[in-house]
Amino acid sequence: MAALIAENFRFLSLFFKSKDVMIFNGLVALGTVGSEELFSVVAFNCPCSPARNYIYGLAAIGVPALALFLIGVIWNNHTWNLVAECHKRGTKNFSAAATFLLFGSIMGRAAVAPVTWSVISLLRGEAYICALSEFVRPSSLDKFPAEYGAEVLARFPCKDVPENLTKFRDEVTRRLRYESQLFGWLLIGIVAVLVFLTKCLKHCCSPLSYRQEAYWAQYRSNEDKLFRRTAEVHSRILAAKNVKQFFGFVALDKEEKELVQEFPVEGVQPSPQWNAITGVYIYRENKGFPLYSRLHKWAKGVEGNGPSPESHEMLFLAS
């Protein structure tokens, strides 16, 4: 049981694998702050009408957050690796903990922008005030005129109220802004604690040493850059050959001519090779030697994704 628990906890290293992830998350958060400020200045306009305020206020916070979350999921490479994995090989090679924490990695990174949006919206307080002003109990306001009800309270965010209700509008606005900012600061605190605990668990449960993990992160980054760069050149040369075969010639600039001459391309890689290097990767060791990626595993001729007498999965997902 202890071994199983320790094995499953190793998956907690999914989050914040490298400094690049932290920098990217910071840029996403900064971009979200700017977008929220622009939205508040240009687009937000409380209807100041009973029943509409609540829907509009929640939509102003929730709908952009949902859109940002979906964009984050779409932009995450893990999403499409998981889709490819399920399509080609299924999830039979992953335990429940692996599947859960892989989803956690995708959702965690996608949540950076929507959480930032929600926090900034709550700290500004405009959407919260718009949504809840009509639900303030008149009895909680000292000497509030009995002839006024929810319809007048709903107009408080627009400052379109009779002169004798100005002080009540200020009090309601101040009270709701306090609640909104309180929720915003609490959300910041909760996220900070979760990030701290995740970082601690990541370093405590990682099966790799600090230096090897840093090397693995560098290898993944370099492999991805070189693969993309080489794929771009390979596809350009292959396209040039096919265009030349069709037209009899191909119009290339000087740099492209040098590429065609320097790198002869005979054909394309068969689909089984593409399938072998595509999908979710679990860190493995073969006879004590690490395999840092699916491409590395394919290059070494290691077959399959499950453990065998000669290979050992460290149960550590690549980010």
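## Getting started

A residue is called buried under 20% relative accessible area, exposed over 50%, and partly exposed in between (1.4 Å probe, protein chains only). Phenylalanine 227, at 35%, is therefore partly exposed.

This is a predicted model, where local features need pLDDT of at least 70 and side-chain atom pairs count only at pLDDT 80 or more, while totals for chains, interfaces and linings use all residues. Residues are numbered from 1 along each chain as its sequence is written, and side-chain values use heavy atoms, leaving out hydrogens and water.

## Aromatic pairs

Searching the whole structure turns up 6 aromatic pairs. Rings of Phe, Tyr and Trp (its six-membered ring) pair if their centres lie within 6.5 Å; planes under 30 degrees apart count as stacked, over 60 as edge-to-face and the rest as tilted.

One of them is the tilted pair of tyrosine 219 and tyrosine 292, 5.6 Å centre to centre with 40 degrees between the planes. Tyrosine 219 belongs to helix H10 (residues 210-247), and tyrosine 292 to the loop between strand E2 (289-291) and helix H13 (294-299), 73 residues apart. Helices (H or I, at least four residues) and strands (E, at least two) are DSSP runs, numbered from the N terminus. Tyrosine 292 is buried at 9%, whereas tyrosine 219 is partly exposed at 23%. Ring pairs join both to Tyr215 in a cluster.

Phenylalanine 227 and tryptophan 274 make an edge-to-face pair, 6.2 Å centre to centre and 85 degrees between the planes. Phenylalanine 227 is in helix H10 and tryptophan 274 in helix H12 (residues 271-276), so this pair ties together parts 47 residues apart in sequence. Tryptophan 274 is partly exposed, at 39%.
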